[in-house]
Amino acid sequence: MTSRERVILALAHKEPDRLPVDFGSTAVSGMHVSSIAALRDYFGLEKRLVKCHEPFQMLGILDEDLKQVLGLDVEGVFPSTTMFGFRNAGWKPWRMPDGLEVLVSTEFNVTTDAGGDVLIYPEGDVTAPPSGRMPAGGYFFDAIVRQEPIEEEKLNVADNLEEFKLMSDRDLQELAAQIDVACSTGRAVMGSIGGTAFGDIALVPAPFLKHPKGIRDISEWYMSTTSRRDYIHQIFEKQCEIAIQNLARLHEIAGDRLDAIFLCGTDFGTQTSSFCSVKTFRDLYFPYYKRLNEWIHLHTSWKTFKHSCGSVDRFIPSMIEAGFDILNPVQCSAVGMEARHLKEAYGDRLTFWGGGVDTQKTLPFGTPEQVRAEVLERCRIFSRGGGFVFDTIHNVQARTPVENLVAMFQAVGEFNGAPMQVA
């Protein structure tokens, strides 16, 4: 069975020959550059610097040699620009504050302030105000809120729509080239074009814009979902129209060569509760999710991927009703998100893409034995009847012990009856 066949069967809620595995196909199922570098060293692969393709979280590209060692089954197709609005055009070396040298885009431009914080700039333009900050000793960037003082009578919906545009011919050509390469690997293909997430709090501050206007402060945005709901609806309505046009353009170049598409990363859950009520979810978000999913399922064979961290059990029935096929990251450590409950309640209707091991405690701070035990338990629970793609709960974080990463992959191999050969 090829990797693509394996993933397609799992998405159809049938058990493939072995569990499919994904690391790196989306911005929420990847690895920090330091973890990739550690794995390359552990397996004795060719010495080379890891390319950082998503600088906001400092996520790295897993090269083909490492993908083969790890037995990965999914290829990612990404938007043309990064979270800071510049393209991955060429590569240059950059040394992180902890000393790790990586490759970044030639348009990646940073400065260091007096306190040792690294500042990054939208579109790589150092004459603009910085839009991201990596604290001294940190491993990734935080968005810098650059909201102008709000004058209620001057609020303009168009200001919060500046980033939503029709894809250019260049964007489409670059996506088409990525799809060609991804399909040549024999792996399943996960697409992502941007602009299809509604109210994703990582995107609200617009780190990719030089001078964002409108409501850009995170607290102000959350309050606006209640106090300015008509305003938010107008943003989502227009955003949805543009997104559907872009999905149609993507389908023209991709056809059925995409197997799934990452639609939305808006988080609704906290560790113990949620950011809004189910009623608010259904009033404010559900109509637009449903429209995107209906268009995709009517016109394509793609499965749709919804990311939401935290305790989201209360929202899952509505997500299913809205048409989502895949849930990520499956945060089993959050309240009400126990693996066995999720599989029994929703396993025949949702594919769980993640949940394989906890990245807050077990993977970074546990022992290899604890990692193995948790991975094997999650595989046993989630794999029954298909509907499971193995991945961690969100991205593998910086400086995760390589011994634990290897224990994770060994455990998946053990479950699959194909033990990994390691040094």
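This is a predicted model: local features need pLDDT of at least 70, side-chain atom pairs count only at pLDDT 80 or more; totals for chains, interfaces and linings use all residues.
Residues are numbered from 1 along each chain as its sequence is written, and side-chain values use heavy atoms, with hydrogens and water left out.

Asp73 sits in the loop between α3 (64–70) and β3 (74–77), helices (H or I, at least four residues) and strands (E, at least two) being DSSP runs numbered from the N terminus. Leaving aside residues up to four places away in sequence, Asp73 touches several residues, among them Ser3, Arg18, Pro20 and Arg187, where contact means heavy atoms within 4.5 Å.

Now to a pair of helices. Helix α2 (residues 33–42) packs against helix α12 (residues 402–415) at an angle of about 75°, with the axes 10 Å apart; the axes are lines fitted to C-alpha atoms over the stretch in contact, and angles run from 0 to 180 degrees between N-to-C directions. Here Ser35, Ala38, Leu39 and Tyr42 of α2 meet Val402, Leu405, Val406 and Phe409 of α12.

Finally, for the protein as a whole, the secondary structure comes to 12 helices and 15 strands, and 57% of the 423 residues count as buried. Along its principal axes, the C-alpha trace spans about 65 × 50 × 40 Å.

Methods
Buried means under 20% relative accessible area, exposed over 50%, partly exposed in between (1.4 Å probe, protein chains only).
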